[in-house]
Amino acid sequence: MADILKTFGLDWPKFLAQVIIVLVVYFILAKYAFGPVLAMLEVRRRRIAEGEANLETIKAEMGKAEEKVRGMLDKANADAERLIAEARDSAEAVRNQKTQEAIKEAQSILEKARDASRLEHEATMNELKRDFGRLVIDATSKVTGKVLDEKDQKRINEEAVGQVAL
Amino acid sequence: MLSLDILPILAAGGIGAPTLPDLGWFTNSIFVAVVVTVSILLFTRMATKRMELIPGAKQNLVEYLIEFLYGQVEGIVGKHVAPKAFPLLATLFIFILCSNWFGLLPGVGTMGFGEGPTKHFLTLDTSVVDSHGHATYTPLLRPATADLNMTLALAAVFMLVWLYLSVKELGVWGTIVHIFGPKGGLQGALKYALMPIFIFVGIIEVVSIIFRPMSLSLRLLGNIFAGETLLHTMGELGKPIGFPGWVAWLSSVVFPLPFYFMEILVGALQATVFSLLCAVYIKLATTHEEGEHH
């Protein structure tokens with residue numbers, strides 16, 4: 001066996017030197033290459049897993065937020081519609097009330113105008129009657145050439161006014 | 001020109017090479033092993049000195065290689081043993097691959113020292129003989145894995161770590177039971193009846209374990225040494241055929257060329273085979289069989 005190994009070049013000092021070289025490579029690679037690289041791969045793997053988990057959480061939260069927003073929008077729409085309906089009803093009521101008030105106001109104004117007109121008409125008529133009576137007395141006085149007393153004036157005035165149908 | 005004083009430092013190693021007395025342990029193959037070691041360590045150190053989450057080119061390459069190798073190792077030895085077995089298996093693969101391919105660099109094995117009647121000191125003629133007809137050529141550099149000392153050292157380191165992992169995983173008694181104990185979950189009388197057979201199988205297993213370092217180292221040595229020899233033979237084929245000078249020179253370029261590509265493949269294949277077998281041996285030794293208690 002020893003001869004065979006010698007034939008193949010085996011020499012214990014050389015063998016030991018090679019063992020030391022292999023051990024040096026082994027320990028240094030294990031410490032400075034495989035260790036840090038595997039740790040880095042693990043960190044990256046964990047980060048990716050965390051990223052995926054975060055993505056799922058974000059998706060779920062986004063779904064919830066969308067649901068919430070949809071609910072809020074629905075509620076806001078319902079509120080808006082209710083408010084619009086209320087405003088419409090309120091506006092209708094106010095419009096009706098204002099219309100009624102305006103009608104009443106207009107009627108009142110018309111009534112007042114009518115009264116005022118009537119009073120004015122009556123006053124004018126009275127004025128006219130007085131003027132007419134005075135004209136008739138003046139005319140009578142000039143035609144007859146006599147001075148009419150108080151009693152005649154009253155009588156002529158009443159007759160003239162009585163004959164005028166205004 | 002190199003000084004003759006460094007000759008002992010670059011003393012020959014490997015098959016058929018003369019052993020020089022002073023600093024005889026520092027051979028050309030050990031020198032190459034040191035160069036390969038320093039190259040690997042420098043590169044990995046440069047790649048892993050400032051590790052970042054977004055890797056650069058070197059870090060990316062090293063990470064890719066390590067991740068790929070880890071996946072392969074984990075697939076063979078399992079998730080539990082992989083973290084413990086991976087550093088050794090990856091070291092073996094990377095070191096053997098680099099050593100094998102280093103041997104294909106121009107000048108490795110083909111440039112060396114030869115003292116003869118007409119040739120002195122540095123020469124590319126590997127057939128240099130002295131006045132007595134003895135070969136005196138000593139290559140300056142030889143692939144580390146073409147030296148039995150290196151391949152046996154690789155196998156020996158593996159066997160040490162293998163033994164450590166086996167005992168750590170199964171315990172001393174568990175390892176003995178694993179080798180000599182009944183397999184297949186046998187119970188009752190049949191188990192005791194078959195015990196002699198299992199013990200005999202265990203002895204065969206121990207013999208095979210003892211021969212593993214030799215089989216591992218000789219397989220690697222044989223392939224790489226044969227590849228080196230093949231390339232040398234092809235390179236010098238022009239002379240025995242009788243080609244004239246320039247045709248012989250041309251043939252020394254053309255003939256080895258296809259075999260260079262083959263040797264690139266063989267280098268990768270042998271690194272894979274060595275590491276793969278080591279992984280399988282670890283797997284076989286650390287597998288918990290049903291019914292075993294540890």
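## Confidence in the model

Chain B has an average pLDDT of 81, and 82% of its residues score at least 70. The model is predicted, and for the complex the predictor gives an ipTM of 0.75 and a pTM of 0.71.

Over residues 1-21 of chain B, pLDDT stays under 50. For that stretch the model has 43 contacts beyond four places in sequence. Where pLDDT is low, the predicted coordinates should not be read in detail.

## Elements of chain B

Chain B contains nine helices and three strands. Read from the N terminus, the order of the elements is α-α-α-β-β-β-α-α-α-α-α-α.

## Burial and surface of chain B

Chain B has 294 residues, and 44% of them count as buried. The accessible surface of the chain is about 15200 Å², with 73% of it belonging to carbon and sulfur atoms.

Contacts can also be sorted by distance along the sequence. Of the contacts in chain B with a separation of 6 or more, 65% are between residues 24 or more positions apart.

## The contact with chain A

Chain B brings 48 residues to the contact and chain A brings 31 residues. Between them the two chains bury about 3400 Å², and carbon and sulfur atoms give 80% of this area. Which three residues supply more than any others of the area that chain B buries against chain A? They are B:Leu53, B:Thr91 and B:Asn149, which supply 18% of that area.

## Polar links and the helices at the interface

One salt bridge is found across the interface of chain B and chain A. A:Arg44 and B:Glu63 form a salt bridge in which the closest N and O atoms are 2.6 Å apart. Three residue pairs are in polar contact between chain B and chain A, counting pairs with both residues at pLDDT 80 or more.

Several helices of chain B take part in the side that touches chain A. Helix 1 (28-48), helix 2 (57-77), helix 3, helix 4 (148-180) and helix 6 (195-235) of chain B each supply at least two residues of that side. The largest share comes from helix 1 of chain B, with ten residues.

Conventions. Residues numbered from 1 in each chain as written. Chains lettered and ligands numbered in written order. Predicted model: local features only at pLDDT ≥ 70, side-chain atom pairs only at ≥ 80, totals over all residues. Heavy atoms only, no water. pLDDT = per-residue confidence, 0-100. Contact = heavy atoms within 4.5 Å. Helix = DSSP H or I, 4+ residues; strand = E, 2+ residues; numbered from the N terminus. Buried < 20%, exposed > 50% of the residue type's maximum accessible area, 1.4 Å probe, protein only. Areas by Shrake-Rupley, 256 points an atom, 1.4 Å probe, with all protein chains shown as cover. Buried area = accessible area lost by both parts, 1.4 Å probe. Salt bridge = Lys/Arg side-chain N within 4 Å of Asp/Glu carboxyl O. Polar contact = N/O pair within 3.5 Å; in protein donor to acceptor, adjacent residues only side chain to side chain.
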